[in-house]
Amino acid sequence: MEKSYDDTNTEKSGLRLKDTELRLGLPGSESPEREEHDQNVLSLKSFVSGAKRGFSDALDGGGKWVFSGGSGGGSEGLFSPRRGGNNNGGNDLSGSDSGLGGPVLKDGVAPKPLVVQEKKSQVAAGNGNTAPASKAQVVGWPPIRSFRKNTMASHPPKNDNDDDNAEAKFGSGCLYVKVSMDGAPYLRKVDLKIYGGYKELSSALEKMFSCFTIGQCGSHGVSSRDVLSESRLIDLLHGSEYVLTYEDKDGDWMLVGDVPWEMFTNCCKRLRIMKSTEAIGLAPRAMEKCKTRT
Amino acid sequence: MHKKTAFSFPDEVLEHVFSFIQSDKDRNSVSMVCKSWYEIERWCRRKVFVGNCYAVSPRMVIKRFPEIRSIELKGKPHFADFNLVPDGWGGYVFPWIVEMAGAVPWLEEIKLKRMVVTDESLELIAKSFKNFKALVLSSCEGFSTDGLAAIAASCKNLKELDLRDCDVDDLSGHLLSHFPDTYTSLVSLNISCLGSDEVSFSTLERLVCRCTNLRTLRLNRAVPLDKIANILRRAPQLVDFGTGTYAADLRPDSYSDLAGAFSSCKELRSLSGFWDVVPDYLPAIYPVCSKLTSLNLSYATIQSPELIKLVSHCPNLQRLLVLDYIEDSGLEVLASSCKNLQELRVFPSDPFGVEPNVSLTEQGLVAVSSGCPKLQSVLYFCRRMSNEALVTVAKNCPNFTRFRLCIIEPRTADYQTLEPLDVGFGAIVQYCKDLQRLSLSGLLTDRVFEYIGTYAKKLEMLSVAFAGDSDLGLHHVLSGCESLRKLEIRDCPFGDKALLANAAKLETMRSLWMSSCAVSFRACKLLGQKMPRLNVEVIDERGPPDSRPESCPVDKLYIYRTVAGSRFDMPPFVWTMEDDPSLQLS
């Protein structure tokens, strides 16, 4: 069926696919992309319907056409192309699967699966933790405006029957905070709920803001390898040039990393990547503060 | 042979005639009659609407229409509302303000939607337009209360300051105190999206007192219930009122005070706000309910019985926004009480929960469709649907102009038959011949797109997610929907073929958004090359698309027609496919 509309309609529109030899396949392959694509769609479907197939399954089928070329960061910086050596790997489970609201799974959209989240949930299940109160989430779905989400999340509905779950309702949706970086031309927003811990957050932010620190990003002349070379990134940002700080509910600026992750996500109103020179005097009294408050 | 017609009117006469023609479409038609009409018309056009701020440059607009008084601009694609457009994508209003500040000093009205507005822009507005009257910002961001303060302080003739769902940096600047004491022209004030900005109540009361033309006042959450009565008493002429927090300790005197204040507002037709509602205070609004035409309870976390009571007091309701706490039973009451209902929006109270927390199903929608003959516009979030219900709804409401259904779980089938919902949506497009806007959800195959392409001839905007099987689906839409202007698609298996085969169609539309689909980088380049009047933007945070094989699908694609060429304000993760082959990336 596809062939017939191809012939008639491409003629009509003046675009002759045959002339341009557009082939929907990887270089050197016959036309495998369709199959891979279907496979991907299949894995996406089963994933959405809740089947707990590992991400590696999805990646094996679709991984080739998404990740070849290598060093790019994922959307929101969440995926690492190096599955095996994922530096976020298993280290980030501290505090995140303690059962406080349960880990938030992020549902797979094929080009940007979240390897880490999936691993986390598998481990959590293995540990016999209870299933998460909220289900796997897809970015931007259901289509509810940020304003509404933020409004409902910040003041969860009071239910007579089930106060414990009140937080879990809209609160478990998402928690967008603004991230600014000294010198960057615009803010970003990140959803704290999708990170399991500080390492993931930090890594995601590095990827998001890397282009600002390495100068000539964005100009089309720069090769991708230079801009997003991960080792350079880490050197620059783990060097002493920048620190990550956050504004808490009292309006005070604190260094990120001193309090347990869960506590942090509850306190944090916005983030700022500050030049180290300016961050002198930010005492790590975060722990004390949060303790006295809660 | 030169023939002078007896029917050439002087320009002033034509101008006068044209002044009765307000609609953009008609104005455009007028301007195409002949050169002299084009000239006359352009000098007397007062309002311009630019649906995509990158479709044209500010200079071009002002050059053609030098005497405009009102401009409306839209920036980011609609899916930006759902965080699908990364921050920094664009939509900056500043260049427009700069151009207009110089060339159109008599500008009175600026309306913006999904644009990035800075304090600098607001300050420039405040400084440049001496007769500035109306600022309407819808889903905008990038500014703080400081910028708004500049507007309040400088614009002596300001009538309207309307902030709808904006992301405003609250610097606790006591915005209202920046209106001078001599300022009295306020007609409409909407600060409902300001976060915790402490409002000085005395300042608010004085402002309300001296602005006797005030018709619309929408307060923010920071305004407590016990302040409402005073405000209402000072503004009994209000037509549209938005409360702040609708919660307080229940005290008989404050209740009767409030009820009395509401009853003094004989002109009140629209109510909104109602954050944190204490149900016992709701009856205070009963005195105004019989005349209410619009009610926004979409932040009111009250349960079905209270909602039912409230709704049954409002026989003249035309527009209702509510949470799904209303449940099917509440919607049945709505259907029997509110025969004039035209628009209904039901939002989910717990969209991320695994199990339904309320009993709201397709039945509620069917009930309303059956009981409300004037129903035209629906936005409905629910967890289950059936083809049977959709067909019933379609037959009941052939006058639908907007139908947006969101079944919360992607790819949910008909719960009764386990089939796709193709037939149900097919009925919608078949029976609702005037349908302008449609959003799909649930399990859908290419078949639904075939129906849409065949029947939805007046459809202007279509939103698609997690649907379809192949390029054929997209092809049906692009080749069949004659009136299509905006198409937004996410997570569908649509690839290059349909897009390339219907490339010409894209120039007849405002824009196309595709994310998490299967369009290759190569196709994007091809499209960019072949279609110089389209901007083909590849948005990809993984890094430059040329670092991957050309056959790799791009993450996000935004295509729009433009006469302004490529834009220059793109962030590092956006690439425009160039027309000039020599500038190709690979």
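Visitor: Which residues form one aromatic cluster?
Guide: First the ground rules: this is a predicted model, where local features need pLDDT of at least 70, side-chain atom pairs count only at pLDDT 80 or more, and totals for chains, interfaces and linings use all residues. Residues are numbered from 1 along each chain as its sequence is written, chains are lettered from A and ligands numbered from 1 in the order in which they are written, and side-chain values use heavy atoms, with hydrogens and water left out. Rings of Phe, Tyr and Trp (its six-membered ring) pair if their centres lie within 6.5 Å; planes under 30 degrees apart count as stacked, over 60 as edge-to-face and the rest as tilted. The cluster is made of Tyr54(B), Phe79(B), Phe82(B), Trp89(B), Trp513(B), Tyr558(B) and Tyr560(B).

Visitor: What kind of pair do Phe18(B) and Trp37(B) make?
Guide: Over all chains there are 24 aromatic pairs. For Phe18(B) and Trp37(B), the ring centres sit 5.2 Å apart and the planes meet at 65°, so this pair is edge-to-face.

Visitor: Where in the chain do Phe18(B) and Trp37(B) sit, and how many residues apart?
Guide: Helices (H or I, at least four residues) and strands (E, at least two) are DSSP runs, numbered from the N terminus. Phe18(B) belongs to helix H1 (residues 11-18) of chain B and Trp37(B) to helix H3 (residues 35-44) of chain B, so to speak distant parts of the chain, with a separation of 19 residues.

Visitor: Is Trp37(B) buried, partly exposed or exposed?
Guide: Buried means under 20% relative accessible area, exposed over 50%, partly exposed in between (1.4 Å probe, protein chains only). Phe18(B) has 2% and counts as buried. Trp37(B), at 28%, counts as partly exposed.

Visitor: What is the geometry of the pair Phe79(B) and Phe82(B)?
Guide: Both partners are buried, with Phe79(B) at 5% relative accessible area and Phe82(B) at 8%. Their rings are 6.0 Å centre to centre with 55° between the planes, which is tilted.

Visitor: Are H6(B) and H7(B) roughly parallel or roughly antiparallel to each other?
Guide: Axes are lines fitted to C-alpha atoms, for helices over the stretch in contact, and angles run from 0 to 180 degrees between N-to-C directions. Under 35 degrees counts as roughly parallel, over 145 as roughly antiparallel, 65 to 115 as roughly perpendicular and the rest as oblique. Helix H6 (residues 119-128) and helix H7 (residues 145-154) of chain B pack at about 5°, with axes 8 Å apart. H6(B) and H7(B) are therefore roughly parallel.

Visitor: What classes of residue make the contact of H6(B) with H7(B)?
Guide: Contact means heavy atoms within 4.5 Å. Ala, Val, Leu, Ile, Met, Phe, Trp, Tyr, Cys and Pro count as nonpolar, Asp, Glu, Lys and Arg as charged, and the others, Gly among them, as polar. From H6(B) come residues including Leu122(B) and Ile125(B), while H7(B) brings Leu148(B) and Ile151(B), among others. The tally for this contact is six nonpolar, two polar and three charged.

Visitor: How many residues of H18(B) are buried?
Guide: The buried ones include Asp471(B), His475(B) and His476(B). H18(B) has ten residues and is mostly covered, with the buried count at nine.

Visitor: What is phi of Phe466(B) near?
Guide: Phe466(B) lies in the loop between strand E18 (461-465) and H18 of chain B, and at 3% relative accessibility it counts as buried. Most residues other than glycine have a negative phi. Phe466(B) has a positive one, near 50°.

Visitor: How many residues does the largest nonpolar core have?
Guide: A nonpolar core is a set of buried Ala, Val, Leu, Ile, Met, Phe, Trp, Tyr and Cys residues joined through side-chain atoms within 4.5 Å. Those with the most contacts inside the largest one include Phe403(B), Leu438(B) and Ile452(B). Its size is 206 residues.

Visitor: What is omega of the peptide bond from Trp141(A) to Pro142(A) near?
Guide: Pro142(A) is in the loop between helix H5 (115-126) and helix H6 (146-154) of chain A. Most peptide bonds are trans. The bond from Trp141(A) to Pro142(A) is cis, with omega near -5°.
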